[in-house]
Amino acid sequence: PIRDSDGHELDSDWTDSKDIQNDSILFNIITMKLPDTIYQRYKSYIHTGYMWKALKSNFVMKNPMTEAVLQHHLQTLFCHNPSKVDKHLDTLISIRDELDGQGIKINDEQFKNNIISSLPGSFTPYVQALMQLYITANKELTPEMLIAEVQSTGQGMIMKYCNRESSHFA
């Protein structure tokens, strides 16, 4: 059997020179993206599949501490500045996606509550009115709809906030 430099037996169908050449190209593309310190640890792999497994096991593992930190961050993140709401919402979405990628599901109701409780106080009357509108219409307000509404309304609130802040310097 053919073995890589770490003694792993290579697949028997991986002996075609074209496969070896393509694997070598893929290996080089991946390792070019790695910082030197990480590259030094993985350069001995000659089969991309084994290198990829090793990279995944070392860097894409579930870590209970990471999960706890992300959940805590999602629940405690707060935006004080109305002009930064879009970026704040993007951050919340990224955290939820990252948790989802680790197998932790944040349900829509909980995520909506995280969004609402993290917005600047100036958004409270609008969000309350929006929620009342959906309740009255007997429709469900999804997190995606809430985000879209907050972003569209946020543009007007940003202008109002900027005008108020600039009037302090006049």
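This is a predicted model: local features need pLDDT of at least 70, side-chain atom pairs count only at pLDDT 80 or more; totals for chains, interfaces and linings use all residues.
Visitor: What is the secondary structure of the protein?
Guide: It comes to 8 helices and 0 strands. From the N terminus on, the order is α-α-α-α-α-α-α-α. Helices (H or I, at least four residues) and strands (E, at least two) are DSSP runs, numbered from the N terminus.

Visitor: Why is H5 called roughly antiparallel to H6?
Guide: Helix H5 (residues 85-101) and helix H6 (residues 108-118) pack at about 150°, with axes 11 Å apart. Over 145 degrees counts as roughly antiparallel, under 35 as roughly parallel, 65 to 115 as roughly perpendicular, and the rest as oblique. H5 is therefore roughly antiparallel to H6. The axes are lines fitted to C-alpha atoms over the stretch in contact, and angles run from 0 to 180 degrees between N-to-C directions.

Visitor: Which handedness does the crossing of H5 and H6 have?
Guide: The crossing is right-handed. That term applies if the near helix is turned clockwise from the far one by less than a right angle; anticlockwise gives left-handed.

Visitor: Which residues make the contact of H5 with H6?
Guide: H5 brings His88, Leu89, Leu92, Ile93 and Arg96. H6 brings Asp108, Phe111, Ile115 and Ser118. Contact means heavy atoms within 4.5 Å. These residues divide into 5 nonpolar, 2 polar and 2 charged. Ala, Val, Leu, Ile, Met, Phe, Trp, Tyr, Cys and Pro count as nonpolar, Asp, Glu, Lys and Arg as charged, and the others, Gly among them, as polar.

Visitor: Why is His88 called buried?
Guide: Its relative accessible area is 6%. Buried means under 20%, exposed over 50%, and partly exposed in between (1.4 Å probe, protein chains only). So His88 is buried. His88 lies in helix H5. Leaving aside neighbours within four places in sequence, His88 is in contact with Leu77, Phe78, Cys79 and Ser118.

Visitor: What makes Asn114 buried?
Guide: Asn114 has 7% relative accessibility, so it counts as buried. Asn114 is found in helix H6. Beyond four places in sequence, its contacts are Leu74, Gln75 and Ile106.

Visitor: Why is Asn138 called exposed?
Guide: Asn138 reaches a relative accessible area of 72%, so it is exposed. Its place is in the loop between H7 and H8.

Visitor: How many residues does the largest nonpolar core have?
Guide: It has 21 residues, and those with the most contacts inside it are Leu89, Ile115, Leu119 and Val150. A nonpolar core is a set of buried Ala, Val, Leu, Ile, Met, Phe, Trp, Tyr and Cys residues joined through side-chain atoms within 4.5 Å. H5 gives the most to this core, with 5 residues. Val150 touches Val85, Leu89, Leu119, Phe123 and Val127, not counting residues up to four places away in sequence. A second, separate core of 10 residues includes Ile38, Tyr42, Tyr50 and Leu55.

Conventions
Residues are numbered from 1 along each chain as its sequence is written. Side-chain values use heavy atoms; hydrogens and water are left out.
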